[in-house]
Every structure is written in structure tokens, then in C-alpha cells.
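Morning, everyone. Please look at the screen.

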Amino acid sequence: MLTAGLDHAMTNSELQERHVGRKFTVRHCEGAIDSFAKAVSGVPKGQRDKYQRWMLLQIKRLADGERISNDSFPWEGELPGLAGRPKKKFRALKKIPVRGYCWKSERHENVYYISHYIHKKKNSLDSNDTTKVGNNWTRIEVDGNEY
Amino acid sequence: MNTECSEVSKARKKLVAREELIYNLTEDLLVLLEDRGMTKAELAKALGKSRSYVTQLLSGSRNMTLGTLSDICCELNAKPIVRILPNGAKVLTYEQDPVWLKEKIPNIKLISSNDFSYHDNDEPIEYRHLPRVVGS
């Protein structure tokens, strides 16, 4: 059940390692929150706070299990995949020029992981980002690290 | 000092509330646009506006009047419903089963076929039916 009004997490406007919503938990991989600071360093200083609040709204919507448009949550690249099983794709929480690459965990039920954030205006996916997401995915989904 | 802090906190709360409303509204419209298989360019043409105008509206960078919201919804064959709820009011979402609600809440009041609300100890509780669009 929802309660009308702003919750504390929103007025606090800080990215947390873990955001628990009505349907999912969204977790930041190690170093992901630091990568957000780097990603927003490319936008004018006065707007950085706004980008953080906007990203928090996207995380909250994702955690609450509400639909997000393909515009704001596009499919990006392939995850490494487990042996004998088809590869899955990862997505990006997008507020141009900031993107947070994430995937839905198969190891942990109802958990999304945000691998890292980048600053990018173009749509094409950089192979370095695919590698970075893949490494985080392997650490968590295969090796069993917590985040 | 305390007054100053309280003013800053109030201003921040207002800002966050405003951004939350804009983000969720524009996101709902983008989802509906995709469900209708319509592009922003097609919506712009239907509204008689430029594509950049629609892009700005749907990215939240341009303010939208209630009239424009109504026009967009009209083009998307949808109806916007604006509700003002007092802070702390309980809102039951579409995940909750209306049949279950009727069993659990005997004094539930039917407003329309998909919409329920009731008051419990003077605390307004509403059932908010969110459109789940399948096809057009």
C-alpha cells in the first residue's frame, strides 16, 4: 500500500547502496555510487543535484515495479551468460547525458544491480562499458559476491 | 538559523515534490505512447506542434499545462485523472485485487467500475486504478 506524500529517501536525495521498493530492491555495485559523481561532473555544477534527484526518481520507479519507457530504460548490450543458457541483456537508466547500466539478477530474487554510471550523449554502447557490466555481473551472479 | 534551515528544507521539499510529479507524469505518457505504437514526431504532428516541443514536454524540461496534458491524452485515447491526496492517505494500487478489497473492507464505496475509495477512522483511503494498456 502506498502512502501519499514524499518519503524520506526522496527528500534525502542521496544515492544509497540499496533502495528497497514495493516490488524490487535496487542495489549499487561496488564503486557505482562513486561513478555517479564522475558521470555528473560533466554537467554544469548547478544542475548536478537535479540529475541525482532525477536518477533517484528512476530508481524509485524501478524499485516500485512500475513500468518505465524504453526511452528512459533502453536495452543496451549483452551480459556474459551462464554456460548452456541463452545470454540476457542489460539496460540503462537514462537521463541524458547520464546513464546507469543495470541488470535484473537471476541469483537474487527481485533484485536489480546498477553496475556503474557514465556520462554520454551518444546512443552507441562503448565496449568498455559492456566489459565493466560483464565483470560486475560475473562477480555477483557467478562468483557470489554480495554487491 | 532554525527558521533559515526550515525555509531551505521547505523549498527542497517543494522542489522534490514538483520533480516527482513531473517525472512520473511524463514517464506514464512515454509508456502510453509506446503502447500506442506512436512516435514523438507523430504525436507532435497530431498536436500541431514541433517535435522538439513534444520532446521537451516529455523530458520534463518544458512545463505542461493541464490543457496540454488533456490534449496529449486525447490523442493517445486516454483520460487523465488528477487527484489531490492529503499526505499520509493510504493509496491502494492496482496490485491489490478489488475482490479481496471488497471482502476485507465491507464499507468500501464503489465510485466507478474500476475505482474504489473508503474512509477508515477519518483516514481517506483510495483505490487507484492504473491503466494497464494491452494493445491499442
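Start with a term: a crossing of two helices is called left-handed if the near helix is turned anticlockwise from the far one by less than a right angle, and right-handed if clockwise. Keep in mind that this is a predicted model.

Now to chain B. Two packed helices are described by the angle between their axes and the distance between the axes. Helix H2 of chain B, residues 40-47, packs against helix H3 of chain B, residues 51-59, at an angle of about 110°, and their axes are 8 Å apart. Angles of 65 to 115 degrees count as roughly perpendicular, so H2(B) is roughly perpendicular to H3(B). Which hand does the crossing of H2(B) and H3(B) have? The crossing is right-handed.

Next, the residues that meet. From H2(B) there are B:Lys40, B:Ala41, B:Leu43, B:Ala44 and B:Leu47; from H3(B) there are B:Arg51, B:Tyr53, B:Val54, B:Thr55 and B:Leu58. Sorted by class, this contact has 7 nonpolar, 1 polar and 2 charged residues.

Take one of them, B:Ala41, in helix H2 of chain B. Is B:Ala41 buried or exposed? B:Ala41 counts as exposed, because it has 12 C-beta neighbours inside 10 Å. Its C-alpha atom is separated by 19 Å from that of B:Asn63, 22 residues apart along the chain.

Last, chain A. Helix H3 of chain A, residues 48-63, has 16 residues and reaches 23 Å from first C-alpha to last, close to the expected 22 Å. Its buried residues include A:Trp54, A:Leu57 and A:Ile59. Just after H3(A), A:Gly65 takes a positive phi of about 75°.

Methods: Residues numbered from 1 in each chain as written. Chains lettered and ligands numbered in written order. Predicted model: local features only at pLDDT ≥ 70, side-chain atom pairs only at ≥ 80, totals over all residues. Axes fitted to C-alpha atoms, helices over the stretch in contact; angles between N-to-C directions. Helix = DSSP H or I, 4+ residues; strand = E, 2+ residues; numbered from the N terminus. Parallel < 35°, antiparallel > 145°, perpendicular 65-115°, else oblique. Contact = placed C-beta atoms within 7 Å. Nonpolar A, V, L, I, M, F, W, Y, C, P; charged D, E, K, R; others polar. Expected span 1.5 Å × (residues − 1). Buried ≥ 20, exposed ≤ 12 C-beta atoms within 10 Å, placed from the backbone.
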